[in-house]
Amino acid sequence: MPALGRHPDAARPEIVRPSRDVSERMSRHPRKDTAPEMELRRTLHSRGLRYRVHVPVPGMARRKIDIAFLGPKLAVFVDGCFWHGCPRHGMLPRNNREWWRLKLDGNQRRDRETTQHLMNHGWNVLRLWCHESTSDAADKVCDRLGVSQVR
């Protein structure tokens, strides 16, 4: 069993953690309140929809719903192409490829677990890519909520 706080493959010699510089750069990327998420929230609000943000996933520590409609139990996630493995824009960095593959595969596995957990608890889950147009994304939310798409 790996030591606490270590990546499970940290002991494998071919897998090397990113340098401190790379880690620091990547840690500066926003985890919440990203530009696509903020645009979608503004658009939904302008359409008269009210929601909660960064709601904890019931029963799953450290996981949050980006935009939650509590009454109808709709969880909306705005996923970034790099971190969540967009089939159109996702890519693996050239350096340290194996470490990044494991990291990004883990993110996708966690996304699937979260989605399934929410669905098992009666939630409808909508995952949107950050590259989708804000208007299209808001239309999808309105469709799931069964409300007219007033602009």
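This is a predicted model: local features need pLDDT of at least 70, side-chain atom pairs count only at pLDDT 80 or more; totals for chains, interfaces and linings use all residues.
1. Arg109 is partly exposed, at 45% relative accessible area.

2. Next, the salt bridges. The structure has nine of them. Side chains of opposite charge can pair when their charged atoms come close. The points below take up some of these contacts.

3. Look at Arg63 and Glu113. They form a salt bridge, with 3.3 Å between the closest N and O atoms. This pair joins distant parts of the chain, 50 residues apart. Arg63 lies in the loop between strand S1 (52–56) and strand S2 (64–69), while Glu113 belongs to helix H4. Glu113 is partly exposed, with a relative accessible area of 37%.

4. Helix H4 also holds a pair of its own. Arg101 and Glu98 make a salt bridge at 2.4 Å, N to O. The two are three residues apart in the helix, so about one helical turn separates them. Both ends are open in part: Arg101 is partly exposed at 31%, and Glu98 is partly exposed at 25%.

5. Now Lys140 and Glu132. Buried or exposed: how does Glu132 count? Its side chain meets that of Lys140 in a salt bridge of 2.6 Å, N to O. Glu132 counts as buried, because its relative accessibility is 18% and the cut-off for buried is under 20%. Lys140 is partly exposed, at 36% relative accessible area.

6. Last, a group of three. Salt bridges link Asp33, Glu37 and Arg41 into a network.

Conventions: Residues are numbered from 1 along each chain as its sequence is written. Side-chain values use heavy atoms; hydrogens and water are left out. Buried means under 20% relative accessible area, exposed over 50%, partly exposed in between (1.4 Å probe, protein chains only). A salt bridge is a side-chain nitrogen of Lys or Arg within 4 Å of a carboxyl oxygen of Asp or Glu. Helices (H or I, at least four residues) and strands (E, at least two) are DSSP runs, numbered from the N terminus.
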